[in-house]
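Thanks for coming. I will go through one model today, starting with the whole chain and then moving to a few local details.

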Amino acid sequence: MRNLLPVLLVAGQALAQVPLPQPPFMPQNASAGAISSSGGIPNPQWSSLLGNLLYFYEAQRSGKLPSTKRVQWRNDSALTDGQDVKLDLTGGYYDAGDYIKCTFPLVGIHISYSFPTLMPAQSATVMSICWGATDFGKGYDLANQTPYLDDMLRWSLDWLIKVAETNLTNAYWGGDQNIPEPRISYQINGTSASKVMYQDSVPDAGIAYASSGYGDELAIAALFLSLALNSTSMYQQAETYYSEYNLGGYQGVFNWDTKTPGLPVLFAQITQANPSLGNYSNWQAAAESYFDGIVYGSSGPSYSTGGGLLYYPGDSDEASLNPALNAAMLLNRYVPLASTQKRKQDYYNYAKNQVDYALGKNPMSMPYIVGANPNSPQNPHSALASGGNNISDINNSPPVEAYVLYGAVVGGPDKYDRFFDIRADWPETEPALDYNAPMLTLAALHVLNDTSDPFYTSLQAGIYKTPAGMPCDAAYTEGCGGPQLSQGGQIALGAIIGLAGAVISGLVGWWGWLSWRGNYDPCY
């Protein structure tokens with residue numbers, strides 16, 4: 001698998017499909033996630049989680065679904081995509097909780113179609129998953145999930161080869177059989193041989209996923225080509241891009257838009273394996289400068305919430321778990337390369353804490369993966385799974401989600417570590433293709449190396465309690481004054497204030513009585 005996936009990613013070659021298991025893997029009821037396993041390697045609970053995470057992608061499929069589909073409540077959908085430009089643009093995946101489909105121009109000028117565009121998620125997701133499977137592919141093998149990984153990548157790559165994407169507005173909320181048409185296609189293309197950001201070609205493309213630059217994409221694409229083809233020239237090209245676009249010293253987030261933090265890690269991996277290509281120590285130092293800023297808090301814009309979640313103001317506001325899980329993914333990947341034993345241990349511990357937080361070791365006792373445990377989110381912001389069609393009242397139409405979107409990683413808690421499980425609160429409850437990607441890699445790693453269960457197996461049903469107040473995010477601003485006291489807390493606080501007032505009033509009265517009697521000098 002180590003050699004297969006980079007080539008599949010960069011070349012899209014037609015290779016024989018790995019046969020799907022019979023009987024197929026199917027998610028267990030969430031109640032199974034509150035039961036300890038027998039342990040060992042592969043750990044059954046980690047294997048189940050890995051399978052669920054891949055199952056989510058199958059639930060997000062668009063187009064004509066195959067006879068092997070496992071998500072029985074899903075239907076064929078968006079079968080006319082591309083007809084307005086006389087192309088077959090069917091297939092691919094819906095990006096998140098709506099019916100948008102996305103791709104991303106990795107290198108140079110790229111032709112795609114969109115209106116308005118959400119471009120990055122699908123190709124960023126494929127890149128992340130392929131990199132993870134290259135490093136920890138044996139975990140997929142042990143969990144018997146390699147056929148589903150292969151199937152997931154093919155479904156994505158078959159669509160990406162069409163070099164296209166389609167979209168509609170977010171004004172539709174309903175099932176997959178009544179998606180409004182026409183789904184208009186806009187061509188995104190450069191007008192010259194120069195490199196341009198896609199939103200400069202079609203301004204609507206930047207409405208939701210505007211790119212901050214393409215230098216990191218050029219560099220990481222060249223690096224993957226170098227890895228896949230054992231190419232010295234592509235490695236040198238990647239170094240040129242890294243210098244040309246001033247990518248060194250970056251301390252921000254790793255996500256669909258910014259791949260820069262992953263570059264020193266990939267450079268270090270490649271130069272350790274082949275020292276003749278470049279200076280391993282330089283890339284080791286660059287990677288550790290970035291990770292030290294996170295783990296030791298020595299630099300960078302991030303901080304830890306009160307509950308211990310890595311948080312980047314701005315980037316974490318609309319999907320708090322994704323930056324933290326991406327950091328954990330990079331840290332785990334780099335641990336074997338760290339320069340000191342202390343860094344190896346500290347990096348590992350920090351990454352483990354982020355994973356444990358996402359899996360329920362947090363102030364909410366909430367595992368942020370749908371269907372993993374009885375305390376998992378019950379109301380993901382998903383038009384596919386909700387079963388409702390009233391966009392003006394999606395919280396109550398229907399009151400209970402119609403389908404379980406197994407394996408979906410949701411956005412996560414607010415900056416106060418609170419999670420309200422409100423369907424309309426998309427920053428907290430919406431799933432997305434790229435949210436699952438780092439957790440897939442982390443789960444594969446744990447299948448490969450971890451005998452203990454995921455943290456959520458220690459959480460019994462009912463331990464999650466909806467916090468008081470309201471969220472603080474782009475969907476709801478009512479809670480931005482900070483956490484609010486519960487009704488019982490408000491009563492207790494009122495009683496304390498009342499008692500304190502009575503004591504103060506009594507002391508003032510006593511002081512006045514003594515003064516009136518002449519037994520006390522008020523000026524003394």
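A residue is called buried under 20% relative accessible area, exposed over 50%, and partly exposed in between, using a 1.4 Å probe and protein chains only. By that rule, 55% of the 524 residues of the protein count as buried. This is a predicted model, where local features need pLDDT of at least 70, side-chain atom pairs count only at pLDDT 80 or more, and totals for chains, interfaces and linings use all residues. Residues are numbered from 1 along each chain as its sequence is written, and side-chain values use heavy atoms, with hydrogens and water left out.

The protein has 16 helices and 4 strands. These are DSSP runs numbered from the N terminus: helices are H or I with at least four residues, strands are E with at least two.

Now, helix packing. Two packed helices are described by the angle between their axes and the distance between the axes. The axes are lines fitted to C-alpha atoms, for helices over the stretch in contact, and the angles run from 0 to 180 degrees between N-to-C directions.

Take α7 (residues 215–229) and α8 (residues 232–244): their angle is about 165 degrees and their axes are 8 Å apart. The two are therefore roughly antiparallel; angles over 145 degrees get that word, under 35 roughly parallel, 65 to 115 roughly perpendicular, and the rest oblique. Contact means heavy atoms within 4.5 Å. On the α7 side, the contact residues include L218 and A222, and on the α8 side they include M234 and Y241. By class, the contact has 10 nonpolar residues, 3 polar and no charged. Here Ala, Val, Leu, Ile, Met, Phe, Trp, Tyr, Cys and Pro are nonpolar, Asp, Glu, Lys and Arg are charged, and the others, Gly among them, are polar.

In the loop between α7 and α8 sits N230. Its phi is near 50 degrees, a positive value in a residue other than glycine. Most residues other than glycine have a negative phi, and most peptide bonds are trans. N230 counts as exposed because its relative accessibility is 59%.

Which way do α9 and α11 run relative to each other, parallel or antiparallel? α9 (residues 262–273) and α11 (residues 321–334) pack at about 20 degrees, with axes 10 Å apart, and are therefore roughly parallel.

Last, a cis peptide bond joins I41 and P42, with omega about 5 degrees. P42 lies in the loop between α1 (4–11) and α2 (44–59).
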